[in-house]
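My notes follow in the order I made them.

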Amino acid sequence: MKQLTICLAVSLTLLFLMGCPPASQSNKKLEPLFRINSVLDTGKEPSFLVTEDFDLDGNLDLVVLNSGDHTFSVYQGKGDGTFKDQVQYKTGADPICLAVADFNSDGFKDIAELNYQDQNIHIFMNTGRGGFRNTGKVVKPGRIPINLTIGDFNEDGYPDLAVSLRFYKVAILFGKGTGKFKDPVAIQVKGQPTGLVIGDYNHDKHVDIAVALAGSGNVGVEILWGDGKGKFEKSKVFKGGGQPLTIANVDANNDGFMDLVTSSNSLHAMTLVLNNKDKTFKTLRDFSAGEFPKFVAVADFTGDGIADLAVSNSTRDTVAVTEGRGDGTFVYPPINHFVDEYPQGLVTGDFNKDGRMDLAVSCRDKNLLTVMLRKNIRNPRPVIPQSAPS
């Protein structure tokens, strides 16, 4: 299950974490890692995007929310980097987030779809052929839901929901294994939660929740440490960017412990939050990956065994790929890939089954979904000696 989690006071020129590269190197035009393979029509104002093999044919499919016309579009993959025409499904009012899991244990992945205006979640069951059926089940997580993620928090074998609520809460809804959920249990957090992501950050074999906090009050990242019984211990707030809206998992230093990366679109910055392996985190310097960064995807794009970052830059109309060094730092400058207007949702997967990771991005202002395949590049970037800190 790949998920991904949503959603200008100062103009910053933020340089690479470990120092300032010479101007000649910073301005060097770098060859793109990806080529645009296909562009698909969507509904109005496509945003959040997920990928999964919904029909179990061995090919990744795509699902994108169309926030402007209250629908989501499903594209069945052909396995060669192309997709069949969209099939649309009606959602609630102002859909903002999708999450994928097998809610009824039939072996097929279903969809939970979060609606901001209606303040509810609709459950869509997989028909077994890659299509979906709205069950009519309306789940109410609480006031003003922002984001959604899924994990088995009480270890009963059924997927549960975690929803960030604007007024300093995260709601947990335990699944019954039938597509139905118990009433929400609210957990107070120390700021206004935005993005959510799950992981076992302390290696105790229980699922934890990392919560990005933005808005007024505390800003940063808070961890809800799971005990495997549906209860959570709250961490202190770790620094995690100026206004973090998106949060993603990344093992940035290859130590086997999951770290976190956040994007703060108002500050044009990304922030790495490094796992200290003792239930604390170290926040590194902000770094630049473009203008007004929205969604972050993590994968090994270069094939060197090290995690890289991709981010959609909505006001610059690019997807920027920042290569990891494997020591917790990332290479500057990022490699920019120009796409259509106002890119938002971003996912990664091997769409043409060539063993290399590809990208798909939704472009809101043109109502398009762009599929970008990894190019066969032997040495995408020249080796640049590390400069002294500026």
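How many bridges join S23 to strand S24? I looked this up and found 5 bridges between S23 and strand S24 (residues 318–322), with the two running antiparallel. I am working from a predicted model.

**Entry 1: S23 and its partners**

I then checked the turn. The hairpin of S23 and S24 has 4 residues between the strands, and Asp317 takes a positive phi near 60°.

I looked next at S22. Strand S22 (residues 293–299) is joined to S23 by 5 bridges, and these two strands run antiparallel. Here I noted that Pro293 stands opposite Asn313 in S23.

Is S23 enclosed or open to the outside? I found that 6 of the 6 residues of strand S23 (residues 308–313) are buried, so the strand is largely enclosed by the rest of the structure. I wrote down the two faces separately. Asp308, Ala310 and Ser312 are on one side, Leu309, Val311 and Asn313 are on the other, and all are buried. In a regular strand, side chains alternate between the two faces of the sheet.

I went on to strand S19 (residues 259–264), which is mostly covered, with 6 of its 6 residues buried. Asp259, Val261 and Ser263 point one way, while Leu260, Thr262 and Ser264 point the other way; all are buried.

Which strands pair with S19? Strand S18 (residues 246–250) pairs with S19 in the antiparallel sense over 5 bridges. In that pairing I noted Leu260 of S19 as the bridge partner of Asn249. Strand S20 (residues 269–275) is also joined to S19 by 5 bridges and runs antiparallel to it. There, Ser263 stands opposite Met270 in S20.

I traced an open sheet of 4 strands, in the order S2-S3-S4-S5, with antiparallel pairing. Its edge strands are strand S2 (46–52) and strand S5 (87–90), each of which pairs on one side only. The twist averages 20° from one strand to the next.

I looked at S4 and S5 in detail. Strand S4 (residues 71–75) is joined to S5 by 4 bridges, and the two run antiparallel. Val74 stands opposite Val87 in S5.

What does Val87 touch? Leaving out residues up to four places away in sequence, I listed Phe72, Ser73 and Val74. The C-alpha atoms of Val87 and Ser73 are separated by 5.5 Å, although these residues are 14 residues apart along the chain. Val87 counts as partly exposed because its relative accessibility is 43%, between the 20% limit for buried and the 50% limit for exposed.

**Entry 4**

I traced another open sheet of 4 strands, with the order S6-S7-S8-S9 and antiparallel pairing. S6 and strand S9 (132–139) are the edge strands, each pairing on one side only. The twist averages 25° from one strand to the next. Within this sheet, strand S7 (residues 110–115) and strand S8 (residues 120–126) pair in the antiparallel sense over 5 bridges. I noted that Asn115 stands opposite Asn120 in S8.

How many residues does the largest nonpolar core have? I read 49, and the residues with the most contacts inside it include Phe72, Phe103, Ile111, Ile121 and Leu359. Strand S6 (residues 95–101) gives the most to this core, with 6 residues. Another core, of 16 residues, lies apart from it; Val296, Ala307, Leu309 and Val311 are among its members.

I then listed contacts of Phe103, leaving aside its neighbours within four places in sequence. Among them are Ile111, Ile123, Met125, Leu161 and Phe181.

**Entry 2: Gln192**

Is Gln192 buried or exposed? Gln192 lies in strand S14 (residues 191–199). It counts as buried because its relative accessible area is 18%, under the 20% limit. Not counting residues up to four places away in sequence, Gln192 touches Arg166, Tyr168, Ala212, Leu213, Ala214, Gly215 and Ser216.

Notes
Residues are numbered from 1 along each chain as its sequence is written. This is a predicted model: local features need pLDDT of at least 70, side-chain atom pairs count only at pLDDT 80 or more; totals for chains, interfaces and linings use all residues. Side-chain values use heavy atoms; hydrogens and water are left out. A nonpolar core is a set of buried Ala, Val, Leu, Ile, Met, Phe, Trp, Tyr and Cys residues joined through side-chain atoms within 4.5 Å. Buried means under 20% relative accessible area, exposed over 50%, partly exposed in between (1.4 Å probe, protein chains only). Contact means heavy atoms within 4.5 Å. Two strands pair if DSSP finds at least two bridges between them. Axes are lines fitted to C-alpha atoms, for helices over the stretch in contact, and angles run from 0 to 180 degrees between N-to-C directions.
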